[in-house]
Amino acid sequence: MTTKKTPTVTSPSWTWPNKAKVALSVVVNVEEGSEYSLGDGDKITEPLDELGVSLKKPIRNYGNESNYRYGILEGHARVAALLDKYKVAATYTAAAVALERAPEIADYIKARKHETCCHGYRWVHQFSFDEAREREFIKKGLDSIEMSTGVRPQGWLSRYLHTENTRRLLQEAGCLYHMDDYSRDTPFWGDVAGSEKKMIILPYQLDTNDMKMWLAPGYLPSHWLEYAVDTLDQMCKEASGKTRTTPIMMSFGLHLRIIGRPGRIGYLEKFLKYAAQKQGVLFARRLDIARHFAANVKA
């Protein structure tokens with residue numbers, strides 16, 4: 001007769017600063033003005049559209065272009081006001097061209113010392129690029145954002161998909177971390193195809209992302225808020241227990257053209273207020289998370 005062994009409970013080998021339970025990463029996506037457009041010489045019109053207009057012919061969609069511009073002209077001011085009010089250190093995942101065309105946002109990032117992570121040179125698919133083209137795409141994005149903000153990005157987020165070369169090319173370009181992963185709730189060292197070196201992977205969360213409100217019209221801001229609060233509560237609960245052996249982080253993705261609408265922005269404030277008052281929650285830029293992880297966990 002065999003008896004089951006009781007699992008050994010081990011303490012995490014590293015912890016968040018200030019004994020925090022959860023590292024909360026607020027990610028502000030700036031894509032507006034860098035999406036697919038016939039006006040920029042693309043062969044297709046931007047397919048992601050809250051208007052619900054699916055164009056199968058190469059016809060310029062002026063309405064959708066203006067819907068994206070809303071994020072720059074109206075949405076960002078509302079988002080920035082809340083980041084300032086609650087003293088949130090955020091990571092701006094920005095497509096480089098978007099910042100080139102909205103220098104006022106680049107100036108705000110510089111003034112508030114938010115971090116900028118590169119979201120591509122433009123907000124287009126890079127998964128079809130060969131190695132040479134992808135290398136140039138990465139370099140152009142990093143160079144452009146450095147020109148716009150004065151600081152070279154050390155992180156990267158693709159538009160949905162990437163290639164087997166991406167991580168190696170990011171390492172060659174000097175990037176510290178990569179975000180295109182959804183497998184865990186904690187940073188980890190990831191494999192790099194064609195390289196012996198590992199790379200820091202900071203997983204992203206799609207389930208707490210405000211994009212859900214564009215993709216599913218029946219998904220209301222109140223649903224999004226409730227889900228985000230439940231996520232944070234559960235993570236704090238797990239971090240306070242004795243079974244979790246790795247520190248936990250929560251990603252909270254925002255888009256200027258989505259959450260920046262008058263009927264949605266109040267729900268962002270409700271969440272930030274809740275998180276700011278919750279004991280053990282650390283607002284952290286992704287760069288700071290990556291550096292802390294690298295200093296405490298060997299590859």
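**Close-up 1. Helix α1 passes α9 in a right-handed crossing.** A crossing is called right-handed if the near helix is turned clockwise from the far one by less than a right angle, and left-handed if anticlockwise. This is a predicted model, in which local features need pLDDT of at least 70, side-chain atom pairs count only at pLDDT 80 or more, and totals for chains, interfaces and linings use all residues. Residues are numbered from 1 along each chain as its sequence is written, and side-chain values use heavy atoms, with hydrogens and water left out. α1 and α9 (residues 262–277) pack at an angle of about 20°, their axes 10 Å apart. That makes the two helices roughly parallel (angles under 35 degrees). Axes here are lines fitted to C-alpha atoms over the stretch in contact, and angles run from 0 to 180 degrees between N-to-C directions. On the α1 side you will find Tyr70, Arg78, Val79, Leu82 and Lys85, which meet Pro262, Ile265, Leu268, Glu269 and Leu272 of α9; contact means heavy atoms within 4.5 Å. By class, this contact has seven nonpolar, no polar and three charged residues (Ala, Val, Leu, Ile, Met, Phe, Trp, Tyr, Cys and Pro count as nonpolar, Asp, Glu, Lys and Arg as charged, the others, Gly among them, as polar).

**Close-up 2. Helix α1 packs with α3 (residues 103–112) at an angle of about 10°.** The axes of α1 and α3 lie 11 Å apart, and the two helices are therefore roughly parallel to each other. Ile72, His76, Ala80, Leu83 and Asp84 of α1 make the contact with Glu104, Ile105, Tyr108 and Arg112 of α3. Sorted by class, five residues in this contact are nonpolar, one is polar and three are charged.

**Close-up 3. Glutamate 65 sits in helix α1 (residues 62–85).** Helices are DSSP runs (H or I, at least four residues) and strands are too (E, at least two), numbered from the N terminus. With a relative accessible area of 13%, glutamate 65 is buried (under 20%, using a 1.4 Å probe and protein chains only). Its side chain makes a polar contact with that of arginine 60 (2.8 Å); such a contact is a pair of N or O atoms within 3.5 Å, one able to donate a hydrogen and the other to accept it, and residues adjacent in sequence count only if both atoms are side-chain atoms. Not counting residues up to four places away in sequence, glutamate 65 touches Glu35, Ser37 and Arg60.

**Close-up 4. Arginine 285 lies in the loop between β9 (281–283) and α10 (286–296).** Arginine 285 counts as buried because its relative accessibility is 15%. A polar contact of 2.9 Å joins its side chain to the side chain of aspartate 288.

How values were computed:
Buried < 20%, exposed > 50% of the residue type's maximum accessible area, 1.4 Å probe, protein only. Parallel < 35°, antiparallel > 145°, perpendicular 65-115°, else oblique.
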